[in-house]
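Have a look at it first.

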Amino acid sequence: MKKILALLGLLPLAVQAAVPLLDGVQSAENQLLTQSGRWFVSGENGVFEGHFDGRAYSKQRLTARLLNGQAHQCYFLGMTERQGRLYTVCTDNILNPLATKRLFVLNLADPAGELEEMFNPTDVVLPNGMATLPDGSLLLADSGAPLLPGKLLRFTVNAHGAVDGQSVYYRYVLNKPNGLKVDGQRLYVSLNPLAYAGLSQLRRYTLGGAGPQDGVVLFSSWWFLDDFALSSDGVVVAEFLGNRVVHVSESGQLLREARVTQPTSVQLWRG
């Protein structure tokens, strides 16, 4: 069972430390800090919202409901924010490539809101990171079947916030995409080898009309790259099997690192 950590020491002159905040999130996967300051964590047993009362941190699991209104347990992974809504993806069985995949949405304007199923993606084996493209469409990393490459899927979203189309945005040949982040016209992707043993990379692309272009390797590792966060001067990456979090500049220079046991996600706090 992984613990959610606040990773400090990623800013100049700060002391490096890892402070436990939450536990009980089974197989914690990803984090999202919304524009309004709400903090969410996804994992095997749901999506949780984290709270701080001035003394201690706590968590509350969001209810997830299917299209028929029934509450549903699901293995949640990637999350992204778009126009006041949180979108997240889950699979009914992380070990079964044929299991049903589901997109859920949360109205962030409602503090007591629930996750509502909105779409069932097809041709998805192992869903992972999510991001929002500049045109408002959603991007999903599909890591693919064992020993086979993955792809990026694009979901178009209409004016009502509903998904009305799915297409392949980019296919990889020798890699499995994991984490995704978009900053303006730049797309960042963490990539792992087909057998999950070998050289992993963090790449930065320029977004164009035909998809990601001009991929540049910012960081390489032999220890499996998971999710990451963008900082004002680079990228902070969770090196899962390397048991560390690394801060890399946009030019690829290793700036600093912190030792953390099997980190899966990084979130930089504002302020």
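Q: What makes G136 stand out in the hairpin of β12 and β13?
A: G136 takes a positive phi near 95 degrees, in a hairpin with five residues between the strands. Keep in mind that this is a predicted model, where local features need pLDDT of at least 70, side-chain atom pairs count only at pLDDT 80 or more, and totals for chains, interfaces and linings use all residues. Residues are numbered from 1 along each chain as its sequence is written, and side-chain values use heavy atoms, with hydrogens and water left out.

Q: How do you know that β12 and β13 pair?
A: Two strands pair if DSSP finds at least two bridges between them. β12 and β13 (residues 138-142) have four bridges, in the antiparallel sense, so they count as paired.

Q: Why is β12 called mostly covered?
A: Buried means under 20% relative accessible area (exposed is over 50%, partly exposed in between; 1.4 Å probe, protein chains only). In β12 (residues 127-132), six of its six residues are buried. Across the chain, buried residues make up 52% of the 271 residues.

Q: How many helices and strands does the chain have?
A: Zero helices and 23 strands. Both are DSSP runs numbered from the N terminus: helices are H or I, at least four residues, and strands are E, at least two.
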